[in-house]
Amino acid sequence: MAVLVTGGAGYIGSHMVWRMLDQGEDVVVLDRLSTGFDWAVPAEAELILGDIADQALVEETIARRGIDAIIHFAGSIVVPDSVADPLGYYLNNTVKSRALIESAVRCGVPHFIFSSTAAVYGTPETSPVAEGAALQPESPYGTSKLMTEIMLRDAAAAHDLAYTVLRYFNVAGADPGLRTGQSTKGATHLIKVAAEAATGKRAGMDVFGTDYPTPDGTCIRDYIHVSDLADAHAAALARLRAGGASITANCGYGKGYSVLEVIDAVKRVTGRDFEIRLGERRAGDAVSIVADPALAKAEFGWRPRFDDLDTIVSHAVRWEEHLRVANSGKA
Ligand code: UFG
């Protein structure tokens, strides 16, 4: 019995691989390394270089390794890129997920966990937002993930497959032991960008929009530590294996911070100042997205360990410093 982690060489996926190995699971990673790194995959896991839509490869792997669960992270994740290239996002996130789900069904894989996103809500009408809220994605990224949620729902109704959809809010931070972290080149996510500015990797940073209807005019997000997110997946997997029914749950803390509050936290935690350029709004950004995490806590028994913005920021900055030392060693 083994777990197949797609996108396991990426940021969240590699944390999940470590989390699974920590609990003694056999882990197979499928990743084409378009944005991930082979060094992010621990030697204890088997790394297969390939595409999730390569059904011959996926089905051979499922049979050979006796896969009982697929945890599906692989996909494209940058909201503004999806606005510029919607068809690319529908191919990568929707069409290819369909092929993967079909392989799971054909091979009788009983459990499937899917990385979805708070972007399926668009700008929620209520805050915090619970899972039953209206689904009104405001970007092709959010729509591409919602379509996969719908495919899973319908496939599970027709076949012997139970799924968990986890809707991530804004994931940040790094493994506290610095075994892995967010290493994407040309990163666009706020805490990563601010951590790069604080460690001198970039000369300052931009704030995208200061005229939103929020207390300080900048967008509000619910930032969740990546290790807490990995814990939520582990708990969701245990629940599915115990016979739990298909479910869709938010993964966030239920607290919102503005862009300026996050930047202040990075400056406070590091004691370093950097230039902030107040700029125009970015396409596809929702005003405010904060989770109601009650369902994940009740159904999975999920108990976050790092529910604190300064802790998330300090782990993100420590990882940035780790990367800087590692890269200077290579130079
Ligand atoms: N931002 C800046 N400057 C930057 C980077 C980001 O001002 O250099 C702002 C954005 O405009 C936004 C906020 O910081 O208001 C957060 O932006 P991110 O790019 O960090 O994250 P997003 O909220 O756009 O998207 C993330 C994930 C999605 C997920 C979404 C849910 O990438 O997968 O959170 O809220 F759907």
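Two strands count as paired where DSSP finds at least two bridges between them. In this predicted model, strand S9, residues 220-221, is joined to S12 by 2 bridges, and the two strands run antiparallel. Within that pairing, Ile220 has Ser258 of S12 as its bridge partner.

These strands belong to an open sheet of 3 strands, arranged in the order S12-S9-S14 with mixed pairing. Strand S12 (257-258) and strand S14 (288-289) stand at the edges with a single partner strand each, so one side of each is left without a neighbour in the sheet. As background, strands of a sheet pair through backbone hydrogen bonds, either parallel or antiparallel.

The domain assignment divides the protein chain into domain 1, given as 2-172 + 223-251, and domain 2, given as 190-220 + 254-293 + 305-330. The centres of the two domains, taken over C-alpha atoms, are separated by 25 Å, and the contact between them takes 23 residues from domain 1 and 24 residues from domain 2.

The size of an interface is often given as the accessible area lost when the parts come together. Between domain 1 and domain 2 the buried area is about 1,900 Å², and carbon and sulfur atoms give 63% of it. On the side of domain 1, the residues that lose the most area to domain 2 are Tyr223, His225 and Asp228, which together account for 32% of what that side buries.

Which kinds of polar link cross this interface? The rule finds 1 salt bridge across the interface of domain 1 and domain 2, and it also finds 8 residue pairs in polar contact there, both residues being at pLDDT 80 or more. The elements that give two or more residues to the side of domain 1 touching domain 2 are helix H3 (79-84), strand S10 (223-225) and helix H7 (226-241). Sorted by class, that side of domain 1 has 13 nonpolar, 6 polar and 4 charged residues.

**Salt bridges**

**Backbone details in the loops**

The loop between S2 and S3 also holds Leu33, whose phi is near 60°, a positive value in a residue other than glycine. Elsewhere, the peptide bond from Ser127 to Pro128 is cis, with omega near -5°, and Pro128 is placed in the loop between strand S5 (111-117) and helix H5 (140-158).

Key: Residues numbered from 1 in each chain as written. Predicted model: local features only at pLDDT ≥ 70, side-chain atom pairs only at ≥ 80, totals over all residues. Heavy atoms only, no water. Domains from an automatic or database assignment. Contact = heavy atoms within 4.5 Å. Buried area = accessible area lost by both parts, 1.4 Å probe. Salt bridge = Lys/Arg side-chain N within 4 Å of Asp/Glu carboxyl O. Polar contact = N/O pair within 3.5 Å; in protein donor to acceptor, adjacent residues only side chain to side chain. Helix = DSSP H or I, 4+ residues; strand = E, 2+ residues; numbered from the N terminus. Nonpolar A, V, L, I, M, F, W, Y, C, P; charged D, E, K, R; others polar.
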